[in-house]
Amino acid sequence: MSSLKELQDLIHEKYGIEPSKLDPHASMRETGGLDSLALAEFLFAIEDHFGITMPDEDANIDTLADLSALVDKVVAAKAAQKAA
């Protein structure tokens, strides 16, 4: 299951940016107008929303598609850890 739709909804809720205006494969800095601080705040919102901890080494992800893939990976790892 992809988290892309949830991430788009979260951006809309937090920054008022319409999901249709964000190309999932384009830079969130360029198309969404989010600066580094806004992106860092968004990562904290993602962690709260999904109940996960984002890995520090992936903090420079810049597209929603890449961010969604990372969130899905972290959520799946957390679920696998709980199941074990």
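Modeller: Let's start with pLDDT, the predictor's confidence in each residue, from 0 to 100. This is a predicted model, in which local features need pLDDT of at least 70, side-chain atom pairs count only at pLDDT 80 or more, and totals for chains, interfaces and linings use all residues. Residues are numbered from 1 along each chain as its sequence is written, and side-chain values use heavy atoms, leaving out hydrogens and water.

Biologist: What is the average pLDDT of the protein chain?

Modeller: Where pLDDT is low, the predicted coordinates should not be read in detail. Here the protein chain averages 87, and 94% of the residues score at least 70. Helices are DSSP runs (H or I, at least four residues), numbered from the N terminus. Mean confidence is highest in helix α1 (residues 4–15), at 92, and lowest in helix α2 (residues 28–31), at 80.

Biologist: Which residues of α3 are buried?

Modeller: Buried means under 20% relative accessible area, exposed over 50%, and partly exposed in between (1.4 Å probe, protein chains only). In α3, the buried residues are Ala38, Leu39, Phe42, Ala45, Ile46, Glu47 and Phe50. Their cover includes α1, α2 and α4, where contact means heavy atoms within 4.5 Å.

Biologist: Where is Ala76?

Modeller: Ala76 sits in helix α4 (residues 64–83). With a relative accessible area of 46%, Ala76 is partly exposed.

Technical notes: Helix = DSSP H or I, 4+ residues; strand = E, 2+ residues; numbered from the N terminus.
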